[in-house]
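Student: I have a new structure open and would like to be walked through it. Could we begin with the overall layout and then turn to details?
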Amino acid sequence: MWYTNTNSFWEEGKRALESAPLIVIGQRKEGVPLHVVHEALQEAGFPATFGLQLAGDAPVEALLSPDWETAFLRWQKPELHEVILLQRWVLGSESEAEDTLKLVSKEAQKLPMSGGKLLIDTVLESAATLYTLDTLPALLADEDHPAWGAMDIVLRTLADWGEGIIYAEGEGFYDSDGEPMILDVDLTYDWGTDAEEEDDDEA
């Protein structure tokens, strides 16, 4: 899956974008309120909450606000523990976000021309916000942790609400349904060979 190539780079008290493995590029400048993501997780049956610091759940006012920078996704079972670090970056006001978008755009330039690439280029050209997800040690230590599935919900909700796409380092671009926007298949078709086979059959 496209969310398995993650690695933790976060240090306490420091926001970092230098090696974010999972990025949602959104066209909406307004941030996705955390309550939107939380409700999607609840509907999917995941026992998770958000916190803005290492201890304590985020207050209702913070969950409703589109203006946030960092949030922790906490798993409630079997004991409370942080599994994902989520960060929001506003393009035009944070140089790290601009640099990261340039790097992602360079990756997009390598793609073959297709309808999917045109959609990717459109989003990148009108990007207003970046969301980065990073796995924390408790999740990295357990490949069977159900929070891997929750990460899928988080990414797709951010992309859907933010009118954006998902970029997974080393894997490519995905739409808000989690489907690849560029298919890695050989679409060449040898019409001549088929025509010859049909002639042989008729003979």
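Tutor: The conversation below goes from the overall layout to single residues.

Tutor: Please keep in mind that this is a predicted model.

Student: How many helices and strands does the protein chain come to?

Tutor: The protein chain has seven helices and seven strands. Along the sequence they follow the pattern β-α-β-α-β-β-α-α-β-α-α-β-β-α.

Student: And what share of the residues is buried?

Tutor: Of the 203 residues in the protein chain, 47% are buried. As for contacts with a separation of 6 or more, 65% of them are between residues 24 or more positions apart.

Student: What is the order of the strands in the sheet?

Tutor: The seven strands form an open sheet in the order S2-S3-S4-S5-S1-S6-S7, and the pairing is antiparallel. Strand S2 (48–51) and strand S7 (172–174) stand at the edges; each has a single partner strand, so one side of each lacks a neighbour in the sheet. From one strand to the next, the twist averages 25°.

Student: What holds paired strands to each other, in general?

Tutor: Strands of a sheet pair through backbone hydrogen bonds, in a parallel or an antiparallel manner.

Student: Which helices pack on this sheet?

Tutor: Helix H1 (residues 34–43) packs on it and touches S2, strand S3 (70–75) and strand S4 (81–90). The direction of H1 makes about 165° with that of S2. Helix H6 (residues 147–161) also packs on the sheet, where it touches S1, S3, S4, strand S5 (129–135) and S6. The direction of H6 makes about 180° with that of S5.

Student: Let us look at S5. How many of its residues are buried?

Tutor: Seven of the seven residues of S5 are buried, so the strand is largely enclosed by the rest of the structure. Both of its faces are covered, with Thr129, Tyr131, Leu133 and Thr135 buried on one side and Leu130, Thr132 and Asp134 buried on the other.

Student: What stands opposite Leu22 in S6?

Tutor: That is Ala168. Strand S1 (residues 22–26) and strand S6 (residues 165–168) are an antiparallel pair with four bridges.

Student: Back to H1, please. Which of its residues are buried?

Tutor: They are Leu34, Val36, Val37, His38, Ala40 and Leu41. Thr157 is found in helix H6.

Student: Is Thr157 buried or exposed, and why?

Tutor: Thr157 counts as buried because its relative accessibility is 14%, and the cut-off for buried is under 20%.

Student: What follows H1?

Tutor: Gly45 follows H1, and its phi is positive, near 85°.

Student: A change of topic: how many aromatic pairs are there?

Tutor: The count comes to three aromatic pairs. In one of them, Phe46 and Trp75 have ring centres 5.8 Å apart and planes at 55°, so the pair is tilted. Trp75 is buried, with a relative accessible area of 3%.

Student: What about Tyr167 and Phe173?

Tutor: Their ring centres are 4.9 Å apart and their planes are at 45°, so this pair is tilted. Tyr167 is buried at a relative accessible area of 9%, and Phe173 counts as buried at 5% relative accessibility.

Student: Which residue lies over the face of Trp161?

Tutor: Arg28 does, at 3.8 Å from the ring centre.

Student: Finally, where does Glu98 lie, and what does it touch?

Tutor: Glu98 lies in helix H3 (residues 95–109) and is partly exposed, with a relative accessible area of 30%. Not counting residues up to four places away in sequence, Glu98 touches Leu91 and Gly92. A polar atom of the Glu98 side chain lies 2.4 Å from the backbone nitrogen of Gly92.

Methods. Residues are numbered from 1 along each chain as its sequence is written. This is a predicted model: local features need pLDDT of at least 70, side-chain atom pairs count only at pLDDT 80 or more; totals for chains, interfaces and linings use all residues. Side-chain values use heavy atoms; hydrogens and water are left out. Helices (H or I, at least four residues) and strands (E, at least two) are DSSP runs, numbered from the N terminus. Buried means under 20% relative accessible area, exposed over 50%, partly exposed in between (1.4 Å probe, protein chains only). Contact means heavy atoms within 4.5 Å. A polar contact is a pair of N or O atoms within 3.5 Å; within protein, one must be able to donate a hydrogen and the other to accept it, and residues adjacent in sequence count only if both atoms are side-chain atoms. Two strands pair if DSSP finds at least two bridges between them. Axes are lines fitted to C-alpha atoms, for helices over the stretch in contact, and angles run from 0 to 180 degrees between N-to-C directions. Rings of Phe, Tyr and Trp (its six-membered ring) pair if their centres lie within 6.5 Å; planes under 30 degrees apart count as stacked, over 60 as edge-to-face and the rest as tilted. A charge sits over a ring if NZ of Lys or CZ of Arg is within 6 Å of the ring centre and within 35 degrees of the ring normal.
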